[in-house]
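The entries follow the order in which I checked things.

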Amino acid sequence: MSIAVRLPDDSLRQLPDGATGADLAAGIGTRLLDAALAIRMDGRLSDLKTPLNDGASVAIITNKDPESLELIRHSTAHLLAQAVKRLYPSARVGIGPVIEDGFYYDFLVEKPFTPEDLPIIEAEMRKIVQEGVEVVHEDLGRDEAIARFEAMGEPLKVEVVATIPQGDRISGYRQGDFYDLCRGPHVPNTGKLKAFKLLSIAGAYWKGDERNAMLSRIYGTAFHSQKELEEHLKRLEEAKARDHRKLGKELGLYSFHPEAPASPFFHPKGTVVYNELVTYVRELYFKYGYSEVITPQILDVALWKTSGHYENYAENMYFTTAEEREYAVKPMNCPGHCLMFGSQKHSYRDLPIRYADFGRLHRYERSGVTHGLTRVRTFCQDDAHIYCTPEQIKTEMAAFLALLKEVYDTFGFEGMRVALSTRPEKRLGSDAIWDAGEAALGAALDEAGMPYTLNPGEGAFYGPKIEFQILDALKRPWQLGTLQVDYMMPERFELAYTMADGTEGRPIMLHRAVLGSLERFMGILVEHTAGAFPVWLAPVQVAILPITDRAHAFSTEAAARAKAQGLRADLDLRNESLKAKIRDAQLAKVPYMLVIGDREAEAGTVSVRHRHRGDLGVQSLDDFLAGLAQESRERCR
RNA sequence: GCCAACUUAGCUCAGCUGGUAGAGCAGCUGAUUCGUAAUCAGCAGGUCGCAGGUUCGAAUCCUGUAGUUGGCUCCA
């Protein structure tokens with residue numbers, strides 16, 4: 001008996017019955033057998049030693065195939081578990097999946113791991129690699145699997161087996177003294193795992209649920225080669241160097257204080273950036289027909305009961321009492337806007353009405369989840385609420401998309417992705433209303449030709465939302481903009497407008513933001529630009545550096561003239577060498593430096609240096625200032 | 001909130017197993033007047049996050065507390 005399989009180049013190959021992927025690879029060449037990690041049979045990844053089916057299409061997976069990276073990481077996770085079990089026999093294993101840039105494995109241990117354990121575990125892993133332990137697949141019956149893991153004293157694995165749907169195949173893998181429940185596939189031998197590193201320790205709840213036991217998680221990563229691993233570690237370093245918390249401190253932008261946990265203090269330089277962002281958004285509001293409003297910070301709880309926040313959002317709100325009356329600090333602007341809308345009669349001719357509000361919001365976030373500027377307890381949004389008729393949703397949405405694209409283009413954010421978040425468990429309103437809202441957003445996206453993914457259950461309590469995600473300079477994704485339809489709040493506040501036939505209609509409310517929170521946006525922007533803001537945002541746009549005090553008079557004049565044009569100039573009259581002044585300006589990431597010595601002071605010129613492009617030569621002060629003003633005005637990147 | 005780690009001068013960090021706190025940079029003073037990433041010298045600066053405890057003695061050990069950091073299912 002023999003079988004035939006089809007190779008990727010469409011050739012057929014005859015093999016004896018029962019032959020495996022390894023046999024196939026060996027038949028083609030010993031070097032291929034050596035490089036082989038797994039096979040893909042009829043589109044499905046499988047172990048190298050899987051028996052081949054007659055007539056199947058089979059490809060040998062090696063390091064060159066993209067799917068092999070995941071394979072290696074998964075097998076490295078197992079290698080980690082094996083090493084841990086050898087070193088700490090009492091440890092119970094949880095799960096060990098592959099994640100974005102590596103893998104993790106969770107363990108139930110009496111004493112959590114410490115960072116000092118990592119090198120020890122890693123050394124044991126290398127030992128197992130040296131041993132070249134064979135990794136063997138085994139099919140298991142459900143009862144057999146449960147019995148086996150019970151016998152092994154692995155309660156978490158037993159629990160996992162119980163969650164595997166009836167009818168699914170259950171399989172285990174043996175590698176020497178270690179046995180694990182796993183879907184696979186895996187590399188055939190631990191000797192194939194060459195480049196890996198354990199990175200960190202973290203506590204993690206079993207199944208991510210805080211009611212469950214806390215496990216000790218070890219994160220690691222693996223690559224095909226040491227070189228790729230090192231490159232990856234270098235990228236991590238780069239990201240660390242751009243960390244907005246570090247740069248914010250170094251550049252004097254903002255600080256945090258225990259007196260106001262997770263609440264930023266913007267220093268003068270950070271405030272310049274912040275205000276420039278607001279100015280920019282204001283200009284766009286003018287262009288796109290928004291009206292800015294100002295609303296109170298603290299409002300009676302009665303309002304929050306009307307809006308539904310009291311029932312659905314109270315755990316994120318701050319409360320306060322005065323004269324025995326209970327108030328809440330606003331976590332959102334929308335209820336205030338509804339009061340304003342409702343205070344006047346509106347005609348269909350007035351709609352849409354777009355209220356924009358930079359009001360300061362406070363939201364209580366659990367202490368463990370705050371993070372620098374990106375997750376804070378007080379912030380402002382470039383927030384606006386659009387009251388419109390049902391027919392106007394589509395045009396409003398199209399206009400919003402145009403606004404969004406304009407803004408993201410200004411900052412150089414690319415790779416926009418869109419997600420539609422649907423009804424959460426905790427919500428207001430009937431299913432019919434949610435059906436309508438989700439359908440309206442979906443249809444609007446379809447009409448705009450924007451592909452999107454679904455985030456089931458991630459919507460706001462008052463309505464579904466669209467979230468817009470971009471990629472920064474390091475290709476990391478960030479969610480910025482959002483657009484939400486809300487039928488509920490107009491209903492609860494009994495908002496109305498007079499329709500053409502004289503009867504009353506209920507407006508639809510759209511919640512939307514482009515930058516999202518200004519605080520968070522600033523953090524993202526610091527990382528995106530590595531702190532080197534474009535001229536229009538730079539706290540100091542030009543540093544004026546006299547070489548000797550003979551040049552002080554002209555330098556002072558240059559600074560005054562820059563200031564007269566609305567430019568932010570810093571005059572460095574310190575008794576320091578030019579080199580030192582340049583170094584300080586470079587470290588402060590000032591876009592332009594003007595070197596002024598005797599020659600320049602004499603001729604009324606400046607020697608221009610750019611923070612990235614270096615010495616740009618001499619030009620007249622007027623020409624330089626005109627160019628700088630233009631670069632700032634046009635918001636060049 | 002939970003698990004773990006961290007918290008020493010304005011900043012970045014030393015300070016071994018407990019024996020009365022140190023550097024660089026920044027700051028201040030003075031000298032130097034200099035051409036594209038740090039001129040030199042001197043001075044000053046900390047009740048070691050906070051509160052208890054152990055000890056003859058605590059930055060160091062223990063307990064509590066605050067803040068920060070890494071995480072808390074991209075499902076065997």
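**Charged pairs and a helix face**

I began with Glu-67, which is partly exposed at a relative accessible area of 23% (buried is under 20%, exposed over 50%, partly exposed in between, with a 1.4 Å probe and protein chains only). The model is predicted, so I noted that local features need pLDDT of at least 70 and side-chain atom pairs pLDDT 80 or more, while totals for chains, interfaces and linings use all residues. Residues are numbered from 1 along each chain, and side-chain values use heavy atoms, leaving out hydrogens and water.

I then looked up the partner of Glu-67 and found a salt bridge with Arg-40, the closest N and O atoms being 2.1 Å apart (a side-chain nitrogen of Lys or Arg within 4 Å of a carboxyl oxygen of Asp or Glu). This pair links distant parts of the chain, with Arg-40 in strand S3 and Glu-67 in helix H3, 27 residues apart (helices are DSSP runs of H or I with at least four residues, strands runs of E with at least two, numbered from the N terminus).

I next checked Lys-49, which forms a salt bridge with Glu-134 at 3.0 Å between the closest N and O atoms. Lys-49 lies in the loop between S4 and S5 and Glu-134 in the loop between H4 and S9, so the pair ties together parts 85 residues apart in sequence.

Last, I turned to helix H1, where Gly-21, Ala-22, Leu-24 and Ala-25 are buried. Seen down the axis, the buried residues of H1 fall within an arc of 160 degrees (taken from the directions from the helix axis to the C-beta atoms), so they line one face of the helix.

Methods:
Chains are lettered from A and ligands numbered from 1 in the order in which they are written.
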